[in-house]
Amino acid sequence: MTALARRSSRLVWGWCVAYTSVTPQPSRERRRDEIRSHLWESERAGLAGHRVAFAALRGALHDLGWVIGRALPALGRSFATPAPYVALAPLFPLQAWLVSALTVGATAHLAEGIGGIGGGATLTLAAVVWMFQRRRR
Amino acid sequence: MQHIFARPKVTYVVLVVAIVGFFALSAVGNSGTDEQNKHSSVGWLGSIGWIAFLLSVLATIVFSVMLLVRTARRRKAAA
């Protein structure tokens, strides 16, 4: 990969890496290659740094729209795998811990009960999804 | 040691199961008021669960940091 010489190009590249990091790999790589190529070409053409930065700023909303268009369907599809359930499971005990720490001495808060049951329930869901996945293969 | 970094997904699943399981265990003998909990005969089991829960959370944080550092180092070496 060719190094970018100008700070403005590196900044735009950093922004591109940041917003593409939440998208699926094929579209992420395509987008990064495309932007990298544009930046390299603009440097070669001697385009002023502030113009490159301004163009990136104007396109930021479009970039976010692109991310939503790619990431949301992928996020939806991920719920057919155990990964999101495993990621969500520890949040239940952690929130119960936080709530119990904030309500020391008081009667048990509803959130503590949800925290106690939610983790196990989410892990069970992850196991069910995993078994379905295995059966389908 | 290398094995847990070679398959981080499996390691995370084990840690998550530990977090949820130990948190559930911590409720044993600790589900009443403070006064009731003091007189519980199985409170020690809940205390072990609570300590193990805290250690699991700590292990998850340490593992995540180590994984990030290793990935960053590998990327630097490859570049």
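Two residues are in contact if their C-beta atoms, placed from the backbone, lie within 7 Å. This briefing applies that idea to a predicted model, in which local features need pLDDT of at least 70 and side-chain atom pairs count only at pLDDT 80 or more, while totals for chains, interfaces and linings use all residues. Residues are numbered from 1 along each chain as its sequence is written, and chains are lettered from A in the order in which they are written.

**Helix α1 of chain A**

- The buried residues of α1(A) pack against α2 (25-44) and α3 (49-58) of chain A; helices here are DSSP runs (H or I, at least four residues), numbered from the N terminus.
- Helix α1 covers residues 7-20 of chain A, 14 residues in total, and its first and last C-alpha atoms are 20 Å apart.
- That reach is close to the expected 20 Å at 1.5 Å a residue, where the expected span is 1.5 Å times one less than the number of residues.
- Its buried residues are S8(A), S9(A), V12(A), C16(A) and T20(A); a residue is buried if 20 or more other C-beta atoms lie within 10 Å of its own, and exposed if 12 or fewer do.
- Seen down the axis of α1(A), these buried residues fall within an arc of 100 degrees, so they line one face of the helix; the arc is that of the directions from the helix axis to the C-beta atoms.
- An α-helix has 3.6 residues a turn, so residues three or four places apart point the same way.
- On the face of α1(A) turned away from the buried side, R7(A), G14(A) and A18(A) are exposed.

**Domains of chain A**

- Chain A is assigned domain 1 (7-78) and domain 2 (83-136), with bounds from an automatic or database domain assignment.
- The C-alpha centres of domain 1 and domain 2 of chain A lie 36 Å apart.

**Fold of chain B**

- Chain B has four helices and zero strands, in the order α-α-α-α along the sequence.
- The radius of gyration of chain B, taken over C-alpha atoms, is 18 Å, well over the 12 Å that the globule rule (2.2 Å times the number of residues to the power 0.38) gives for 79 residues, so chain B is more spread out than a compact globule.
- The C-alpha trace of chain B spans about 60 × 20 × 15 Å along its principal axes.
- Of the 79 residues of chain B, 13% count as buried.

**Contact between the chains**

- Chain B gives 10 residues to the contact and chain A gives eight residues.
- Helix α2 (residues 8-26) of chain B supplies the largest share of the chain B side, eight residues.

Definitions and conventions. Helices (H or I, at least four residues) and strands (E, at least two) are DSSP runs, numbered from the N terminus.
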